[in-house]
Amino acid sequence: MSPPRDDWSTRHSVLTTAQRTAALLNVLADEDPEPAEVADVLRAYGESDPLVLTPGDVAGMRAAAALLRRVFAAEHVDEAAAVLNRLLREHTGPLRLTSHDGDSPWHPHLDPDDEAPWDEWLLASSCMALTVLVWDRQRPPGRTCASPGCQNVFVAQGSGPERRYCSRRCATRERVAAHRRSLAAAPPGGLS
């Protein structure tokens, strides 16, 4: 997935914020992600330097990511909405507008203030974007990859058939595996 174009409205759109959430959840799923890896994802999605993350920041973000993964694991819109409602109730502040002291256009935030810790920011901004996607599309905002060897999450978008895999690579790997299983199960000689 390519990072968004470098203009404020694109970098902070609901879809881009949801895609940033998925990218962060995927990097934070590693057993011990390096702060520099997490910072690289944040930069790719528009956060500006100086960007300093400590191991403690990353640990807090990993805890937030574990909570957010439940939204992507939801099979139905009602389940996604229930998870988001619980996260909004238990982990976010009231809706507020901020311009970060005039450094950006006015936009909504659910974290307590502009200097909130990274884990609170991740949870609040992600909940907002995923909530809007549920509202807009009336379906879960994303999925967990159906490939047994992959736990990546992805944002489901578009009106075509529902995606099952995070990437073409995973989809191809599963098609090839299914083909090999069918060949192995076929009787010798090819015809029955």
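From the N terminus on, the elements of the protein chain follow the order α-α-α-α-α-β-β-α-β-β-α. That comes to 7 helices and 4 strands. The model is predicted.

**The chain as a whole**

- The protein chain has 192 residues, and buried residues make up 40% of them.
- Taking contacts between residues at least 6 apart in sequence, 49% join residues at least 24 apart.

**Helix H3**

- Helix H3 spans residues 35-44, and its buried residues are Pro 35, Val 38, Ala 39, Val 41 and Leu 42.
- Seen down the axis of H3, these buried residues fall within an arc of 155°, so they line one face of the helix.
- As background, an α-helix has 3.6 residues a turn, so residues three or four places apart point the same way.
- The partners that the buried residues of H3 pack against are helix H2 (14-28), helix H4 (55-73) and helix H6 (118-137).
- After H3 comes Gly 46, and the phi of Gly 46 is positive, near 105°.

**Helices H4 and H6**

- Two packed helices are described by the angle between their axes and the distance between the axes.
- For H4 and H6, the axes come within 8 Å and cross at roughly 20°.
- Angles under 35 degrees count as roughly parallel, so H4 is roughly parallel to H6.
- The crossing of these two helices, H4 and H6, is right-handed.
- On the H4 side, the residues that meet H6 are Asp 57, Gly 60, Met 61, Ala 64, Ala 65, Leu 67, Leu 68, Val 71 and Phe 72.
- On the H6 side, the residues in this contact are Trp 118, Asp 119, Leu 122, Leu 123, Ser 126, Cys 127 and Leu 130.
- Sorted by class, the contact of H4 with H6 has 12 nonpolar, 2 polar and 2 charged residues.

**Pro 148**

- Where is Pro 148 placed? Pro 148 sits in the loop between strand E3 (142-144) and strand E4 (153-155).
- Is Pro 148 buried or exposed? Its relative accessible area is 67%, and exposed means over 50%, so Pro 148 is exposed.
- Pro 148 and Glu 174 are 26 residues apart in sequence, and their C-alpha atoms are 8.9 Å apart in space.

How values were computed:
Residues numbered from 1 in each chain as written. Predicted model: local features only at pLDDT ≥ 70, side-chain atom pairs only at ≥ 80, totals over all residues. Heavy atoms only, no water. Buried < 20%, exposed > 50% of the residue type's maximum accessible area, 1.4 Å probe, protein only. Arc of directions from axis to C-beta. Contact = heavy atoms within 4.5 Å. Axes fitted to C-alpha atoms, helices over the stretch in contact; angles between N-to-C directions. Parallel < 35°, antiparallel > 145°, perpendicular 65-115°, else oblique. Left-handed = near helix turned anticlockwise from the far one by under 90°. Nonpolar A, V, L, I, M, F, W, Y, C, P; charged D, E, K, R; others polar.
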